[in-house]
Every structure is written in structure tokens, then in C-alpha cells.
Amino acid sequence: SNPYDPKAEDSGYSLKKTGMSFPTALKISGKNISTKKWRTALTAFATSIGIIGIALILSLSTGFQTKIDEYEQTALAEFPILISQSAMDMDAETMRERRGEILESMKTGNYPDEPKVFPYDTKAHTIVHTNVFTEEYLEYIYDIDPAICSGIGYTRMVGMNLLRDVNGVIKPVSIPIGINSNRSMSATSGSGGMDGMGLTSYPERIGEDIEPFLEKNYDLLAGSYPKEPTDVVLVIDEKNRVDSKVLENLGFDVAGKESISFDEIVGTKLMLISNDRYYTETPIGSFMPGTDYEAMYNAENSLPLTITGILRLKPDETIGLLGFGIVYSDDLVRLVVEREKDSKIVKAQREADHNVITMEKIEESAKRRIITYLGGNAEPSMIYIFPRDFDSKKAVLEYLDAYNIGKSQDEMIIYTDLAGTITEMTEGIMNAITLVLIAFAAISLVVSLIMIGIITYISVLERTKEIGILRAVGARKKDITRVFNAETFIIGALSGLLGIGIAYLLNIPINSLIYKLTDLQGVAQLHPLHAFILISLSLALTLLGGFIPAKMAATKDPVVALRTE
């Protein structure tokens with residue numbers, strides 16, 4: 001009749017939700033770690049070994065790549081983009097296919113047994129593209145923006161009829177044309193491994209603000225730099241040497257001589273003889289070089305050339321573009337063509353299907369080469385484009401690519417960027433080496449991951465009663481997990497900072513050793529971004545290694561944990 005009516009009484013007390021913040025967990029873990037300083041220090045050091053290894057690898061990789069980039073922007077910036085009449089037209093995929101075909105053909109049993117010869121069209125299997133230098137293209141090249149290009153060089157296979165007065169005797173002399181095969185005579189040349197491409201004509205500058213090629217790259221040892229198209233210079237190697245054949249071809253007597261003074265060479269006059277004076281037409285229609293050298297030498301239209309100076313590649317230059325011997329300007333070659341393009345021998349050769357000197361039957365390609373040699377045309381066999389600097393090279397390549405837009409395959413002009421090929425090769429090698437070394441160093445990180453898990457599990461066993469007390473005063477399961485995660489976080493941070501610190505210190509003796517071996521300064525350089533990433537990696541791995549033991553600690557029964565001694 002009087003049922004119980006429970007009424008909520010406000011006693012002023014409310015049950016609060018318990019929780020533990022991450023700073024509190026860090027504080028608890030920090031106090032626990034402080035009681036085990038040596039174990040924590042050894043654990044952090046052992047974990048940091050992998051970080052140290054990767055940091056050193058990245059330091060060397062970054063440093064060497066930086067040195068390569070510096071070399072690219074100094075030495076390779078001077079290296080031209082080459083456009084030759086014959087260029088390799090093969091991309092990476094085609095190269096792989098050709099390599100596979102070669103390897104397949106070399107396998108045992110792939111050789112035919114039939115006693116037969118199988119004809120095939122070699123042109124269908126060629127990978128060489130023929131560039132046709134039209135007047136339009138030559139004009140396009142000449143109109144390149146001086147803001148991105150410092151100069152243009154040409155190789156023209158145009159010959160010169162030269163005579164020289166040697167002690168009162170007029171005799172024929174010669175200088176190389178196009179490409180001089182005479183290269184450095186020592187492996188330790190100051191111009192390095194790319195020494196002596198052997199060009200006989202030096203590039204012409206485009207912009208007036210650009211320092212002339214010879215003044216920029218070559219020291220003047222005697223005489224003066226060329227000023228007129230008829231001025232030529234002698235280029236010698238770093239030991240003041242030049243092939244004796246070069247001097248003999250210039251009319252110098254080198255027999256029994258150890259040296260020739262600069263004064264004997266500078267000022268030497270060479271007389272350029274016109275084709276109509278040099279060649280005599282025979283009754284059968286062939287042409288023969290004349291023998292009345294004195295009359296040729298003293299002819300009114302004979303043009304004197306002067307060796308104005310002796311040059312040597314500057315010590316700080318790494319690439320010698322010019323061959324050792326006589327070099328001249330492209331203006332001189334064009335001058336020769338202007339004089340000889342309508343000469344009798346050139347006209348006869350244009351109309352003939354044979355060599356007008358030897359009377360041998362020739363093909364059209366050979367005929368074209370002979371006409372070029374005789375001065376019948378100024379078509380270059382190779383063009384060299386010099387970017388203003390390394391950053392401008394991309395703009396130059398885009399300019400060259402723009403010409404090919406809308407052109408057929410036969411009309412396209414393919415160039416060769418040797419500097420780009422070299423840099424791609426070095427970058428590929430460096431990346432491959434770096435990845436392999438990092439893979440090896442990563443093994444120690446895996447070991448560290450396992451070790452952190454074991455250390456954290458041992459800490460869980462040691463602190464079982466502490467876990468029970470924390471649960472008894474209201475700590476949640478995720479709070480217990482947070483305590484042990486905080487502990488692994490501290491160890492991971494110490495490990496990362498210790499590894500990066502040791503790596504920075506080890507870079508000092510490593511740089512010293514590399515400098516002694518290679519003369520390269522400051523190669524080992526750990527980038528701050530890499531350091532930050534490695535510290536973050538150390539934290540992530542230690543947290544991952546301690547995750548399972550931390551979860552195990554959180555699932556322990558508080559009553560059982562409290563009874564643990």
C-alpha cells in the first residue's frame with residue numbers, strides 16, 4: 001500500500017569521466033626512462049645505427065650529385081649541342097628491341113644450316129637518320145635568340161690551296177679542314193677526358209655582350225688573337241706541344257729540332273690561291289694542280305693569311321673543343337666559298353658524273369663532297385650550338401624541337417645533346433647506387449623495429465603492477481596504450497636525434513678522406529630535409545615496434561596486475 005518511490009537526491013556529486021593526456025603520459029614514461037638511463041641510451045644508440053647508415057648514404061649521394069650539378073653548370077655548360085648530317089635515331093625502347101634481337105641471334109642453334117645466302121635491305125634496318133640542312137633550316141639556326149645562345153660553330157669540309165715562302169722557296173703547305181684528328185698526346189691533359197674534339201674552326205659569338213670564344217677559353221701565349229677573317233692561330237697542348245706533322249705541313253723544318261720558338265711561328269704568312277690559278281685544265285677535260293708556285297704566289301687575287309698568335313687552353317677549362325694545330329674562323333671558310341663557288345673546276349665537277357681530278361666514276365654523295373671540298377658550297381657537315389648557360393640549354397632544345405613540329409620524319413632535324421646524355425647517365429648510376437645502399441642500411445632498421453618491440457614488451461612485464469595501479473585509479477585502456485606509446489616515442493626521438501647528430505659528425509672525417517683521395521671538398525652533405533625525414537622515420541618505426549606490446553599492456557586485467565609481485 002506504500003510502495004517505494006525512489007527520488008533523485010542532488011548530493012552535489014557527479015561521476016567525472018577519467019582520462020590521461022599525452023603530455024601526462026610523456027611525463028610518466030619520462031620518469032620511468034630516467035630510472036633506466038643506460039638501457040635507454042643503449043637502446044636508442046642501437047636503434048640509431050640504421051639511421052646513421054642511411055644518413056651517411058644520403059649525405060654522400062647528395063654531395064656527389066651536387067658536385068655533378070656543379071660540373072654540369074660549369075664544364076658541361078660549355079659543351080655544345082651537336083647537329084650532324086647523320087644522327088642516331090633510336091629511343092630507349094628501340095634500343096632494347098635491338099639488343100634483344102642481337103642476344104637472340106647469339107643463342108646456340110639460331111644459326112641457319114642451309115648452304116644459302118640471304119639478301120636483305122640494310123636501309124630497312126638502319127637506325128641512322130640523315131639530317132638535310134636546307135637554307136631554311138640554316139637561317140632558322142642563325143636566327144636563334146642571343147639571350148639563350150652564346151655562339152654557333154660549323155664544321156665545313158672546304159679545302160684551301162695554300163703556298164708559303166720558305167727561305168725564298170715557294171712550296172705548297174696545308175692545314176687541317178673540318179675536324180682535326182690530332183688530339184691530346186697525354187692522358188693527363190689539362191682539358192680532361194673530353195679533350196680535343198678537334199674542330200678546326202672556332203665558334204662565332206651571337207651577342208655583342210658575349211666574350212669571344214678564344215678569349216674566354218684560351219690563353220694567348222704569343223702574338224694576338226685573330227681580328228680579321230684572314231687571321232689564323234696555332235693551338236698547342238698543356239705542355240706546349242703539337243704534332244710534328246702539323247708543323248711540317250706548314251713548311252717548318254722540325255728534323256733534329258727539340259723545339260721551335262714562338263717568334264718563328266707568329267707572323268708566318270700563308271698565301272691562299274684561287275682554284276682558277278691553282279688548277280689547270282687538261283685537253284681531256286680533267287684538272288691538275290699547277291706547278292708554277294711562284295706565279296700563283298704572286299698572283300693579284302692571291303689572299304695572304306697570317307698566323308697571328310699561339311694559344312693554349314686555360315688551366316681552369318675542362319673541355320678543349322679545338323684540335324691542336326691551326327684553327328681559323330668560319331668567316332674564312334665562307335670567304336673561300338664566295339671566291340670559288342663559280343670557279344672552272346667547280347662548274348666542271350657539277351656537270352660531271354666523275355671526279356674531274358682523278359677521272360674516276362663517283363656516286364652523287366661523293367660528288368657533293370668533292371664540290372664542297374673545292375669550295376662549291378658552304379653546306380656544313382656539323383653545327384654546334386652553345387647555350388648561354390646551363391639553364392638556357394632547355395630553351396635552346398625547345399627552340400630546336402619547335403622546328404620539327406608538323407614535319408615528316410625525313411624532314412626532321414635530330415640533334416645530339418651529349419651533355420644531357422652524360423648527366424642522365426650519371427644521375428641514373430647515382431640513383432641506382434643510392435637505392436642499393438639504402439636497401440642494405442634498411443635491414444638494420446628492420447632489426448631495430450624488432451628490438452624496440454622486445455624492449456617495450458620487457459618494459460610491460462616489468463611494469464605490470466604499475467599498470468594495475470593506473471587502471472585502479474581510473475586509467476582507461478587507451479591511456480595505458482598511450483603511456484607505452486609515449487615511452488617508445490621518447491626512445492624513437494632520442495634514436496633519430498642521436499643518429500642524425502652522429503652522421504653530421506662522421507661527415508667531417510669522411511669529407512677529409514675524400515678530399516685527400518679526390519681533391520673534392522665538402523662532398524658529404526646531409527640535407528636538412530633528409531635529416532627531418534629520417535627523424536620522422538625513426539619515430540614511426542619505434543612507435544610501430546612498440547604498438548603490439550602497448551596493446552598487450554592495455555588488455556591486462558587490473559585485478560591480476562595488482563596481485564603481480
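The legends below describe close-up views of a predicted model. Residues are numbered from 1 along each chain as its sequence is written, and side-chain values use heavy atoms, with hydrogens and water left out. Because the model is predicted, local features need pLDDT of at least 70 and side-chain atom pairs count only at pLDDT 80 or more, whereas totals for chains, interfaces and linings use all residues.

**View 1. An open sheet is formed by four strands in the order 1-16-4-8, with antiparallel pairing.** Strands here are DSSP runs of E with at least two residues, and helices are runs of H or I with at least four, both numbered from the N terminus; two strands pair if DSSP finds at least two bridges between them. Strand 1 (81-84) and strand 8 (204-205) stand at the edges with a single partner strand each, so one side of each is left without a neighbour in the sheet. Strand 4 (residues 149-155) and strand 16 (residues 382-387) run antiparallel and are joined by six bridges, and T155 stands opposite M382 in strand 16.

**View 2. Helix 4 and helix 13 lie across strands of the sheet.** Helix 4 (residues 135-142) lies across strand 1, strand 4, strand 8 and strand 16, and runs at about 20° to strand 16. Helix 13 (residues 393-403) lies across strand 1 and strand 16, at about 25° to strand 1. The axes are lines fitted to C-alpha atoms, for helices over the stretch in contact (heavy atoms within 4.5 Å), and angles run from 0 to 180 degrees between N-to-C directions.

**View 3. S84 is a buried residue of strand 1.** Its relative accessibility is 14%, where buried means under 20% relative accessible area, exposed over 50%, and partly exposed in between, with a 1.4 Å probe and protein chains only. Leaving aside neighbours within four places in sequence, S84 is in contact with N131, F133, S381 and M382.

**View 4. N167 has a positive phi of about 55°, and N240 has one of about 60°.** Most residues other than glycine have a negative phi. N167 lies in the loop between strand 5 (161-166) and strand 6 (169-173) and is exposed, with a relative accessible area of 78%. N240 lies in the loop between strand 10 (231-236) and helix 6 (244-249) and is partly exposed, at 38%.
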